[in-house]
There are 2 protein chains.
Amino acid sequence: MQKKTFSDIDCAIAQTLEQIGDGWTLLILRNAFHRMRHFDQFQENLGIPTNTLSNRLKKLTDSGILERRACAHDRRAYEYRLTDKGLDLYPIIVTLFQWGERWYSRPNGPRMELKEKATGLPIPEVKVRNQDGNPLSARDVQVIIGPGGGEDATNLVKFQKKTA
Amino acid sequence: MQKKTFSDIDCAIAQTLEQIGDGWTLLILRNAFHRMRHFDQFQENLGIPTNTLSNRLKKLTDSGILERRACAHDRRAYEYRLTDKGLDLYPIIVTLFQWGERWYSRPNGPRMELKEKATGLPIPEVKVRNQDGNPLSARDVQVIIGPGGGEDATNLVKFQKKTA
DNA sequence: TTAATTAGCTTGCATTATGCAAGTCAATTT
DNA sequence: AAATTGACTTGCATAATGCAAGCTAATTAA
(Lines give C-alpha, C1' and ligand atoms only; values in the text may rest on other atoms or scores of the structure.)
Protein backbone atom coordinates (compact mmCIF):
# COMPACT_ATOMS: atom_id res chain seq x y z
CA MET A 1 0.00 0.00 0.00
CA GLN A 2 1.52 3.24 -1.09
CA LYS A 3 0.93 6.55 0.55
CA LYS A 4 -1.38 8.67 -1.46
CA THR A 5 0.21 11.70 -2.95
CA PHE A 6 -1.66 14.19 -5.04
CA SER A 7 1.57 15.89 -6.04
CA ASP A 8 2.00 13.83 -9.18
CA ILE A 9 -1.34 14.91 -10.50
CA ASP A 10 -0.29 17.87 -12.60
CA CYS A 11 -3.07 20.20 -11.59
CA ALA A 12 -2.92 23.28 -9.44
CA ILE A 13 -5.77 22.06 -7.28
CA ALA A 14 -4.04 18.77 -6.61
CA GLN A 15 -0.91 20.67 -5.60
CA THR A 16 -2.91 22.75 -3.18
CA LEU A 17 -4.68 19.74 -1.75
CA GLU A 18 -1.41 17.96 -1.20
CA GLN A 19 -0.48 20.77 1.18
CA ILE A 20 -3.76 21.65 2.84
CA GLY A 21 -6.34 19.12 1.70
CA ASP A 22 -7.13 17.74 5.09
CA GLY A 23 -9.65 18.68 7.73
CA TRP A 24 -7.36 19.18 10.69
CA THR A 25 -4.90 21.15 8.61
CA LEU A 26 -7.56 23.59 7.49
CA LEU A 27 -8.89 23.99 11.02
CA ILE A 28 -5.40 24.73 12.25
CA LEU A 29 -5.10 27.35 9.54
CA ARG A 30 -8.47 28.82 10.42
CA ASN A 31 -7.22 29.25 13.97
CA ALA A 32 -3.96 30.68 12.75
CA PHE A 33 -5.93 33.36 10.91
CA HIS A 34 -7.56 34.11 14.27
CA ARG A 35 -4.02 34.72 15.50
CA MET A 36 -3.64 31.52 17.38
CA ARG A 37 0.02 30.62 17.64
CA HIS A 38 0.85 28.03 20.24
CA PHE A 39 0.81 24.27 20.25
CA ASP A 40 -1.33 23.88 23.34
CA GLN A 41 -3.78 26.52 22.16
CA PHE A 42 -4.43 24.62 18.96
CA GLN A 43 -4.68 21.41 20.91
CA GLU A 44 -7.14 22.70 23.44
CA ASN A 45 -9.31 24.64 21.04
CA LEU A 46 -9.59 21.92 18.42
CA GLY A 47 -9.36 18.82 20.58
CA ILE A 48 -6.89 17.42 18.10
CA PRO A 49 -4.62 14.57 19.24
CA THR A 50 -1.16 15.88 20.00
CA ASN A 51 0.66 13.56 17.65
CA THR A 52 -1.60 14.52 14.77
CA LEU A 53 -1.17 18.18 15.61
CA SER A 54 2.56 17.73 15.68
CA ASN A 55 2.55 16.09 12.25
CA ARG A 56 0.34 18.72 10.73
CA LEU A 57 2.37 21.62 12.10
CA LYS A 58 5.52 19.99 10.82
CA LYS A 59 4.08 19.60 7.37
CA LEU A 60 2.79 23.16 7.32
CA THR A 61 6.16 24.56 8.34
CA ASP A 62 7.95 22.33 5.85
CA SER A 63 5.80 23.65 3.06
CA GLY A 64 6.38 27.24 4.14
CA ILE A 65 2.79 27.99 5.11
CA LEU A 66 3.61 28.41 8.77
CA GLU A 67 6.82 29.59 10.32
CA ARG A 68 8.03 28.17 13.61
CA ARG A 69 9.97 30.60 15.69
CA ALA A 70 11.27 30.60 19.23
CA CYS A 71 9.65 32.99 21.65
CA ALA A 72 11.82 35.61 23.29
CA HIS A 73 10.19 35.62 26.72
CA ASP A 74 10.03 31.85 27.27
CA ARG A 75 12.66 29.58 25.90
CA ARG A 76 10.41 26.54 25.92
CA ALA A 77 7.82 28.19 23.76
CA TYR A 78 7.49 28.37 20.01
CA GLU A 79 5.16 30.41 17.87
CA TYR A 80 3.59 29.19 14.68
CA ARG A 81 2.81 32.10 12.41
CA LEU A 82 1.37 32.37 8.96
CA THR A 83 3.92 33.26 6.31
CA ASP A 84 3.02 35.27 3.24
CA LYS A 85 2.27 32.00 1.52
CA GLY A 86 -0.02 31.09 4.39
CA LEU A 87 -1.72 34.48 4.50
CA ASP A 88 -2.39 34.07 0.80
CA LEU A 89 -4.74 31.20 1.69
CA TYR A 90 -7.19 33.72 3.08
CA PRO A 91 -9.67 33.59 0.18
CA ILE A 92 -9.88 29.82 0.60
CA ILE A 93 -10.63 30.10 4.32
CA VAL A 94 -13.24 32.78 3.73
CA THR A 95 -14.99 30.88 0.96
CA LEU A 96 -15.10 27.77 3.14
CA PHE A 97 -16.63 29.85 5.90
CA GLN A 98 -19.20 31.51 3.68
CA TRP A 99 -20.36 28.28 2.09
CA GLY A 100 -20.78 26.77 5.56
CA GLU A 101 -22.82 29.76 6.68
CA ARG A 102 -25.01 29.57 3.61
CA TRP A 103 -25.78 25.85 3.89
CA TYR A 104 -25.39 25.11 7.59
CA SER A 105 -26.66 28.28 9.15
CA ARG A 106 -27.82 28.76 12.71
CA PRO A 107 -31.42 29.85 13.25
CA ASN A 108 -30.34 33.10 14.90
CA GLY A 109 -28.10 34.17 12.07
CA PRO A 110 -24.41 33.97 11.20
CA ARG A 111 -21.95 32.76 13.83
CA MET A 112 -19.40 35.34 12.83
CA GLU A 113 -19.34 38.46 10.72
CA LEU A 114 -16.47 39.97 8.81
CA LYS A 115 -16.00 43.72 8.73
CA GLU A 116 -13.45 45.91 7.13
CA LYS A 117 -11.26 47.28 9.91
CA ALA A 118 -10.84 50.65 8.29
CA THR A 119 -14.52 51.39 7.78
CA GLY A 120 -16.47 48.90 9.87
CA LEU A 121 -18.50 47.95 6.81
CA PRO A 122 -19.40 44.31 6.29
CA ILE A 123 -17.37 42.31 3.80
CA PRO A 124 -19.45 41.15 0.86
CA GLU A 125 -19.45 37.49 -0.12
CA VAL A 126 -16.45 36.30 -2.04
CA LYS A 127 -17.46 35.23 -5.51
CA VAL A 128 -15.93 34.52 -8.85
CA ARG A 129 -16.42 37.74 -10.80
CA ASN A 130 -15.69 39.05 -14.26
CA GLN A 131 -13.63 42.14 -14.92
CA ASP A 132 -16.63 44.37 -14.37
CA GLY A 133 -17.13 42.90 -10.92
CA ASN A 134 -20.27 40.98 -11.78
CA PRO A 135 -20.58 37.56 -10.17
CA LEU A 136 -20.26 34.51 -12.39
CA SER A 137 -21.42 30.97 -11.88
CA ALA A 138 -19.36 27.95 -12.89
CA ARG A 139 -21.37 27.70 -16.07
CA ASP A 140 -20.53 31.25 -17.13
CA VAL A 141 -16.87 30.35 -17.20
CA GLN A 142 -14.94 28.35 -19.73
CA VAL A 143 -11.67 26.67 -18.99
CA ILE A 144 -8.98 26.61 -21.62
CA ILE A 145 -5.64 24.91 -21.52
CA GLY A 146 -2.80 27.23 -20.59
CA PRO A 147 0.82 27.26 -21.74
CA GLY A 148 1.88 25.23 -18.68
CA GLY A 149 -0.87 22.67 -19.11
CA GLY A 150 0.24 19.06 -19.42
CA GLU A 151 -1.58 15.83 -20.02
CA ASP A 152 -3.72 15.96 -16.91
CA ALA A 153 -4.94 19.46 -17.64
CA THR A 154 -5.59 18.59 -21.27
CA ASN A 155 -7.64 15.56 -20.31
CA LEU A 156 -9.86 17.56 -18.05
CA VAL A 157 -10.34 20.43 -20.44
CA LYS A 158 -11.06 18.09 -23.32
CA PHE A 159 -13.52 16.39 -21.13
CA GLN A 160 -15.38 19.53 -20.61
CA LYS A 161 -15.68 20.19 -24.30
CA LYS A 162 -17.22 16.79 -24.81
CA THR A 163 -20.41 17.98 -23.17
CA ALA A 164 -20.19 21.73 -23.55
CA MET B 1 -11.24 4.95 18.69
CA GLN B 2 -14.08 7.17 17.71
CA LYS B 3 -14.51 8.51 14.25
CA LYS B 4 -13.53 12.11 13.98
CA THR B 5 -16.41 14.39 13.25
CA PHE B 6 -16.02 18.10 12.81
CA SER B 7 -19.76 18.56 12.91
CA ASP B 8 -19.87 19.22 16.63
CA ILE B 9 -17.48 22.10 16.31
CA ASP B 10 -19.94 24.96 16.00
CA CYS B 11 -18.17 26.83 13.27
CA ALA B 12 -19.15 27.26 9.66
CA ILE B 13 -15.75 26.17 8.47
CA ALA B 14 -15.92 22.96 10.47
CA GLN B 15 -19.33 22.24 8.97
CA THR B 16 -17.94 22.72 5.49
CA LEU B 17 -14.92 20.57 6.20
CA GLU B 18 -17.10 17.79 7.53
CA GLN B 19 -18.66 17.60 4.08
CA ILE B 20 -15.75 18.30 1.74
CA GLY B 21 -12.61 18.51 3.87
CA ASP B 22 -10.83 15.67 2.20
CA GLY B 23 -8.47 15.46 -0.73
CA TRP B 24 -10.27 12.90 -2.83
CA THR B 25 -13.61 14.57 -2.27
CA LEU B 26 -12.32 17.89 -3.53
CA LEU B 27 -10.70 16.29 -6.56
CA ILE B 28 -13.97 14.56 -7.38
CA LEU B 29 -15.70 17.91 -7.14
CA ARG B 30 -13.09 19.57 -9.30
CA ASN B 31 -13.81 16.96 -11.95
CA ALA B 32 -17.53 17.40 -11.51
CA PHE B 33 -17.07 21.09 -12.31
CA HIS B 34 -15.36 19.95 -15.48
CA ARG B 35 -18.61 18.11 -16.23
CA MET B 36 -17.38 14.70 -15.37
CA ARG B 37 -20.31 12.53 -14.36
CA HIS B 38 -19.62 8.81 -14.34
CA PHE B 39 -18.09 6.47 -11.82
CA ASP B 40 -15.52 4.98 -14.14
CA GLN B 41 -14.54 8.37 -15.47
CA PHE B 42 -13.71 9.59 -11.98
CA GLN B 43 -11.94 6.37 -11.27
CA GLU B 44 -9.79 6.43 -14.36
CA ASN B 45 -8.99 10.12 -14.30
CA LEU B 46 -8.07 10.27 -10.62
CA GLY B 47 -6.71 6.79 -10.06
CA ILE B 48 -8.79 6.61 -6.91
CA PRO B 49 -9.56 3.16 -5.45
CA THR B 50 -13.09 2.12 -6.32
CA ASN B 51 -14.22 1.55 -2.75
CA THR B 52 -12.99 4.97 -1.71
CA LEU B 53 -14.67 6.53 -4.70
CA SER B 54 -17.87 4.73 -3.85
CA ASN B 55 -17.78 6.02 -0.27
CA ARG B 56 -17.06 9.57 -1.33
CA LEU B 57 -19.81 9.66 -3.91
CA LYS B 58 -22.23 8.27 -1.38
CA LYS B 59 -21.33 10.92 1.13
CA LEU B 60 -21.56 13.70 -1.43
CA THR B 61 -24.99 12.57 -2.57
CA ASP B 62 -26.14 12.14 1.03
CA SER B 63 -25.17 15.68 1.79
CA GLY B 64 -26.91 16.98 -1.31
CA ILE B 65 -23.81 18.20 -3.09
CA LEU B 66 -24.12 15.68 -5.88
CA GLU B 67 -27.24 14.13 -7.27
CA ARG B 68 -27.24 10.55 -8.49
CA ARG B 69 -29.62 9.94 -11.31
CA ALA B 70 -30.23 7.05 -13.65
CA CYS B 71 -29.32 7.57 -17.28
CA ALA B 72 -32.05 7.31 -19.86
CA HIS B 73 -30.05 5.66 -22.61
CA ASP B 74 -28.36 2.98 -20.53
CA ARG B 75 -30.06 1.40 -17.59
CA ARG B 76 -26.81 0.32 -15.95
CA ALA B 77 -25.45 3.82 -15.89
CA TYR B 78 -25.82 6.59 -13.34
CA GLU B 79 -24.85 10.21 -13.53
CA TYR B 80 -23.45 12.21 -10.67
CA ARG B 81 -24.28 15.85 -11.14
CA LEU B 82 -23.62 18.92 -9.05
CA THR B 83 -26.70 20.26 -7.33
CA ASP B 84 -27.17 23.95 -6.61
CA LYS B 85 -25.51 23.34 -3.27
CA GLY B 86 -22.61 21.74 -5.11
CA LEU B 87 -22.37 24.46 -7.75
CA ASP B 88 -22.21 26.94 -4.90
CA LEU B 89 -18.81 25.46 -4.01
CA TYR B 90 -17.35 27.09 -7.11
CA PRO B 91 -15.52 29.91 -5.33
CA ILE B 92 -13.79 27.34 -3.12
CA ILE B 93 -12.62 25.32 -6.12
CA VAL B 94 -11.41 28.42 -7.91
CA THR B 95 -9.51 29.77 -4.91
CA LEU B 96 -7.84 26.39 -4.41
CA PHE B 97 -6.85 26.44 -8.07
CA GLN B 98 -5.52 29.98 -7.99
CA TRP B 99 -3.45 29.47 -4.87
CA GLY B 100 -1.93 26.37 -6.43
CA GLU B 101 -1.07 28.29 -9.56
CA ARG B 102 0.50 31.09 -7.56
CA TRP B 103 2.69 28.87 -5.40
CA TYR B 104 3.22 25.77 -7.51
CA SER B 105 3.39 27.22 -10.99
CA ARG B 106 4.85 25.58 -14.06
CA PRO B 107 7.75 27.33 -15.76
CA ASN B 108 5.76 27.83 -18.97
CA GLY B 109 2.84 29.52 -17.28
CA PRO B 110 -0.55 28.52 -15.93
CA ARG B 111 -1.87 25.02 -16.60
CA MET B 112 -5.37 26.32 -17.22
CA GLU B 113 -6.97 29.66 -17.78
CA LEU B 114 -10.47 30.77 -16.95
CA LYS B 115 -12.39 32.99 -19.34
CA GLU B 116 -15.82 34.45 -19.25
CA LYS B 117 -17.89 32.58 -21.80
CA ALA B 118 -19.85 35.62 -22.82
CA THR B 119 -16.89 37.90 -23.55
CA GLY B 120 -13.83 35.66 -23.70
CA LEU B 121 -12.10 37.93 -21.20
CA PRO B 122 -9.91 36.35 -18.53
CA ILE B 123 -11.39 35.96 -15.04
CA PRO B 124 -9.52 38.03 -12.48
CA GLU B 125 -8.23 36.40 -9.31
CA VAL B 126 -10.81 35.75 -6.63
CA LYS B 127 -10.03 37.83 -3.58
CA VAL B 128 -11.68 39.02 -0.44
CA ARG B 129 -12.83 42.54 -1.28
CA ASN B 130 -14.55 45.40 0.44
CA GLN B 131 -17.74 46.97 -0.82
CA ASP B 132 -15.80 49.18 -3.20
CA GLY B 133 -14.21 46.15 -4.77
CA ASN B 134 -10.75 46.76 -3.37
CA PRO B 135 -8.87 43.65 -2.28
CA LEU B 136 -8.33 43.10 1.43
CA SER B 137 -5.80 40.98 3.25
CA ALA B 138 -6.66 38.96 6.34
CA ARG B 139 -5.26 41.72 8.49
CA ASP B 140 -7.58 44.34 7.01
CA VAL B 141 -10.55 42.39 8.26
CA GLN B 142 -11.92 42.08 11.75
CA VAL B 143 -14.11 39.23 12.86
CA ILE B 144 -16.95 39.90 15.22
CA ILE B 145 -19.28 37.48 16.85
CA GLY B 146 -22.62 37.18 15.08
CA PRO B 147 -26.10 36.55 16.47
CA GLY B 148 -25.77 32.81 15.80
CA GLY B 149 -22.36 32.56 17.39
CA GLY B 150 -21.99 30.07 20.23
CA GLU B 151 -19.18 29.16 22.54
CA ASP B 152 -16.78 27.98 19.85
CA ALA B 153 -17.15 31.14 17.83
CA THR B 154 -16.84 33.29 20.94
CA ASN B 155 -13.62 31.56 21.95
CA LEU B 156 -12.03 32.17 18.62
CA VAL B 157 -13.10 35.76 18.34
CA LYS B 158 -12.00 36.54 21.88
CA PHE B 159 -8.75 34.96 21.03
CA GLN B 160 -8.20 37.30 18.23
CA LYS B 161 -8.79 40.33 20.38
CA LYS B 162 -6.13 39.14 22.80
CA THR B 163 -3.45 40.00 20.30
CA ALA B 164 -5.16 42.54 18.08
C1' DT C 1 -28.50 -15.97 -29.60
C1' DT C 2 -24.74 -17.03 -27.37
C1' DA C 3 -20.34 -14.70 -25.92
C1' DA C 4 -17.86 -10.88 -24.69
C1' DT C 5 -17.74 -6.42 -22.72
C1' DT C 6 -19.22 -2.55 -19.90
C1' DA C 7 -21.10 0.31 -15.85
C1' DG C 8 -21.15 0.50 -11.29
C1' DC C 9 -20.25 -1.19 -7.78
C1' DT C 10 -18.66 -4.97 -3.20
C1' DT C 11 -15.56 -7.79 -0.67
C1' DG C 12 -11.09 -9.22 1.48
C1' DC C 13 -6.82 -8.29 3.00
C1' DA C 14 -2.44 -5.87 4.08
C1' DT C 15 -0.79 -1.40 5.30
C1' DT C 16 -1.26 3.35 7.05
C1' DA C 17 -3.09 6.82 9.58
C1' DT C 18 -5.83 8.28 13.57
C1' DG C 19 -7.37 8.80 18.35
C1' DC C 20 -6.28 8.30 23.06
C1' DA C 21 -3.54 7.98 27.07
C1' DA C 22 0.68 8.25 29.13
C1' DG C 23 5.34 9.72 29.41
C1' DT C 24 9.55 12.88 28.46
C1' DC C 25 12.34 16.88 29.27
C1' DA C 26 13.88 21.31 29.74
C1' DA C 27 12.36 25.79 31.24
C1' DT C 28 9.60 28.51 34.25
C1' DT C 29 6.87 29.36 38.72
C1' DT C 30 5.70 28.65 43.28
C1' DA D 1 13.29 22.25 46.09
C1' DA D 2 8.85 21.12 44.29
C1' DA D 3 5.29 21.75 41.24
C1' DT D 4 3.81 23.27 36.87
C1' DT D 5 4.03 24.42 32.04
C1' DG D 6 5.17 24.18 26.85
C1' DA D 7 6.02 21.36 23.41
C1' DC D 8 6.36 17.42 22.20
C1' DT D 9 7.14 11.56 21.72
C1' DT D 10 5.82 6.87 22.26
C1' DG D 11 2.72 2.79 22.36
C1' DC D 12 -1.22 0.69 21.32
C1' DA D 13 -6.03 -0.33 19.61
C1' DT D 14 -9.04 1.00 16.03
C1' DA D 15 -10.43 2.93 11.74
C1' DA D 16 -9.47 4.33 7.01
C1' DT D 17 -6.90 3.52 2.70
C1' DG D 18 -4.92 1.22 -1.31
C1' DC D 19 -4.98 -2.73 -4.16
C1' DA D 20 -6.74 -6.65 -6.44
C1' DA D 21 -10.39 -9.49 -7.44
C1' DG D 22 -15.10 -10.57 -7.97
C1' DC D 23 -20.11 -9.68 -8.90
C1' DT D 24 -24.43 -8.45 -11.35
C1' DA D 25 -27.32 -6.65 -14.59
C1' DA D 26 -27.42 -4.45 -19.01
C1' DT D 27 -25.56 -3.75 -23.54
C1' DT D 28 -22.81 -4.76 -27.60
C1' DA D 29 -20.31 -7.94 -30.66
C1' DA D 30 -19.85 -12.31 -33.07
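Tutor: Happy to; we will go through the salt bridges of this predicted model.

Student: How many salt bridges does a search of the whole structure find over all chains?

Tutor: Side chains of opposite charge can pair when their charged atoms come close. The search covers all chains, and the number of salt bridges found is 18.

Student: Is Arg111(B) buried or exposed?

Tutor: Arg111(B) forms a salt bridge with Glu101(B), with 3.3 Å between the closest N and O atoms. Arg111(B) sits in the loop between α6 and β3 of chain B, while Glu101(B) belongs to helix α6. The relative accessibility of Arg111(B) is 2%, and the cut-off is under 20%, so Arg111(B) counts as buried.

Student: Which residues are linked with Arg111(B) in a network of salt bridges?

Tutor: Glu101(B), the partner of Arg111(B) in a salt bridge, is buried at 12% relative accessible area. The network that includes Arg111(B) also holds Asp10(A), Glu101(B) and Arg106(B).

Student: How many residues apart in sequence are the parts that Arg102(B) and Glu125(B) tie together?

Tutor: These two form a salt bridge, their closest N and O atoms lying 2.8 Å apart. Arg102(B) is in helix α6 of chain B and Glu125(B) in the loop between β3 and β4, so the parts tied together are separated in sequence by 23 residues.

Student: What is the N to O distance between Glu67(A) and Arg69(A)?

Tutor: Glu67(A) is partly exposed at 35% relative accessibility, and Arg69(A) is partly exposed at 36%. Their side chains meet in a salt bridge, with an N to O distance of 3.6 Å.

Conventions
Residues are numbered from 1 along each chain as its sequence is written. Chains are lettered from A and ligands numbered from 1 in the order in which they are written. This is a predicted model: local features need pLDDT of at least 70, side-chain atom pairs count only at pLDDT 80 or more; totals for chains, interfaces and linings use all residues. Side-chain values use heavy atoms; hydrogens and water are left out. A salt bridge is a side-chain nitrogen of Lys or Arg within 4 Å of a carboxyl oxygen of Asp or Glu. Buried means under 20% relative accessible area, exposed over 50%, partly exposed in between (1.4 Å probe, protein chains only). Helices (H or I, at least four residues) and strands (E, at least two) are DSSP runs, numbered from the N terminus.
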